[in-house]
Amino acid sequence: MANEPQQQWWRKSTVYQVYPKSFKDSTGSGTGDIKGLTGRLDYLQELGIEIVWLQPVYVSPQNDNGYDVADYRQIDPAFGTMEDFDELIRELKKRGMHLMTDIVVNHSSTEHPWFQEARQSKDNPYRDYYIWRDPAPDGGLPNNWQSKFGGPAWQFDETTGQYFLALFDKTQADLNWENEQVRREAADLMIYWAEKGVDGFRMDVINLISKDQRFPDDDPSASTGDGRKFYTDGPRVHEFIKELHAKVFGPYNLVTVGEMSSTTLEHCIRYSKPEEREFSMTFNFHHLKVDYKNGQKWELKPYDFAELKRLFTEWQTGMQQAGGWNALFWNNHDQPRALSRFGDDGEYRTESAKMLATTLHGLQGTPYVYQGEELGMPNPDWHDIREFNDIESKNMYRILQERGLTGGQALEIIRERSRDNSRTPMQWDASEHAGFTEGTPWLRVDRRYRQINVQSEQADPHSILAHYKQLIKLRKQEQVISDGLFVRLDEEHPHIFAYSRIGETETLIVVSNFSGTQTGFSFTEDFWASRAGNGARLLIGNTRQTPAWGKTLEIPPYGSYMWIIR
Ligand code: TEU
């Protein structure tokens with residue numbers, strides 16, 4: 001089975017995340033499609049990618065860009081046909097590559113036939129596929145839980161006079177996993193795709209499927225008093241996931257990653273330890289909340305570098321010691337571009353993009369590359385709310401103004417935090433619309449596409465793209481990158497994140513400068529004497545000149561280096 005220690009081939013792999021709507025349009029519709037992806041597989045193979053994570057292409061009204069599924073077994077015509085999907089699988093297998101698809105079963109679209117049936121009457125056979133509650137005694141909401149997209153988490157249904165739970169958009173109704181039939185439906189739809197040759201699944205907010213059946217009010221005065229503690233890593237979540245592993249993940253030998261919203265290290269150890277037979281690995285988001293003021297996404301503060309390093313250290317050592325496995329990422333379709341957030345998308349764009357990559361790819365876990373990250377694509381720097389598409393951003397632009405901010409203040413926050421920052425079309429070349437489409441792109445291409453695109457970076461041996469290719473190759477070559485024990489080397493340095501990976505016979509050392517100023521870093525006496533003193537070979541760096549090896553290193557602005565000591 002894919003999760004047995006001896007068969008964990010994916011521990012040396014790199015996953016490439018494809019947001020299909022923005023990857024490549026083959027028809028001129030202005031939105032990306034499956035054929036467009038299939039036509040670019042050579043690019044991904046050349047990069048060294050072994051697993052492609054294709055985000056939802058199922059039938060959907062697109063209120064949440066495909067995460068509102070209206071038919072779990074059909075391809076939405078906007079993305080192509082089932083024949084196109086079958087061709088994609090064939091073409092991946094020809095190249096020795098694997099397909100991971102997105103499974104969204106915490107909720108369905110309210111346009112799904114199940115919901116259309118359920119809403120007809122309280123005794124409809126599908127009623128209990130969803131979570132319905134009577135109004136509170138005062139006629140109000142069943143409890144004070146909040147949607148993750150802003151506003152209440154309950155939507156009133158006039159037909160039956162009850163509310164249904166929707167933790168995300170009002171058109172995304174939470175499925176009732178207490179209902180055995182729902183669990184059977186979920187397993188069956190996964191088997192359907194596994195039978196078609198899919199090699200793995202990314203499981204959308206899968207740690208939210210088990211709700212506290214008392215549905216109690218939360219304490220709204222708490223920073224996370226939005227109800228999440230009553231459905232996050234809920235009472236039966238591990239039971240439900242083990243059931244899926246027994247029915248699907250194990251028998252089909254699938255590689256799986258759980259997207260864990262607001263989770264804990266303890267749960268992620270349980271979710272990803274092979275002997276638990278749940279998932280192969282987990283995404284957690286704690287490192288991407290270090291610029292949330294008071295833990296609130298829509299309140300800005302400069303990112304807390306010390307906290308970022310503390311979290312990396314906690315999760316690296318915690319998961320490794322307990323046998324868990326991290327899914328490593330800086331970017332995805334829900335996050336602003338890390339380059340603009342933690343690097344410098346201006347003067348030091350190339351250096352800082354490479355620095356972020358080296359820092360992440362030297363860690364324990366399986367790295368994920370989100371489309372465009374390998375080019376150093378930045379946030380699109382928009383100044384008009386009409387440029388934005390995302391439902392969450394539109395809701396928050398309204399809500400922030402209801403809270404008393406001016407339109408300009410609200411827009412400044414949206415520019416920093418909007419998920420649209422990562423959803424602008426992939427930049428293939430310097431032709432119009434960056435070669436993404438012959439039509440009008442659904443979301444404007446970033447204005448810097450003439451300088452930042454695949455074609456120009458393929459021509460440059462010192463490009464960010466070349467750097468990613470080398471990192472991906474090193475992970476396959478150097479066992480210490482997969483297995484080495486993580487040991488933090490910098491003690492609260494204001495600009496440097498340095499760590500080692502201790503192997504049986506080799507030591508990997510990664511030193512990264514997260515600032516635009518040259519800075520010195522010194523190894524401790526003990527470490528230098530015990531490990532580093534007998535010379536190191538540079539595996540990869542991001543500046544023409546590499547710092548002279550010694551107990552104290554002078555690291556240039558955004559300098560980042562990976563050495564190995566054998
Ligand atoms: O994301 C869930 C999630 O944690 C983020 O969407 C986050 O909650 C949100 O940005 C609020 O800050 C998954 C998918 O990745 C996302 O695209 C979907 O919108 C969401 O679930 C619902 O399916």
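Let me begin with the pocket: the space that the ligand takes up is the largest pocket, where a pocket means an open set of points on a 1 Å grid over the protein atoms alone, with protein on both sides within 12 Å along at least five of seven lines, and a molecule sits in one if more than half of its atoms lie within 2 Å of its grid points. Please keep in mind that this is a predicted model, in which local features need pLDDT of at least 70 and side-chain atom pairs count only at pLDDT 80 or more, while totals for chains, interfaces and linings use all residues. Residues are numbered from 1 along each chain as its sequence is written, and side-chain values use heavy atoms, with hydrogens and water left out.

Now to the polar contacts, that is, pairs of N or O atoms within 3.5 Å. A polar side-chain atom of D204 lies 2.8 Å from an oxygen atom of the ligand, a side-chain N or O atom of H333 is 2.9 Å from a ligand oxygen, and for R202 the distance from a polar side-chain atom to an oxygen of the ligand is 3.0 Å. Taken alone, the ligand exposes 490 Å², of which the protein buries 90%, with areas from the Shrake-Rupley method and a 1.4 Å probe.

Key. Polar contact = N/O pair within 3.5 Å; in protein donor to acceptor, adjacent residues only side chain to side chain. 1 Å grid on protein atoms, 1.4 Å probe; cavity = no way out; pocket = protein on both sides within 12 Å on 5 of 7 lines; lining within 4 Å.
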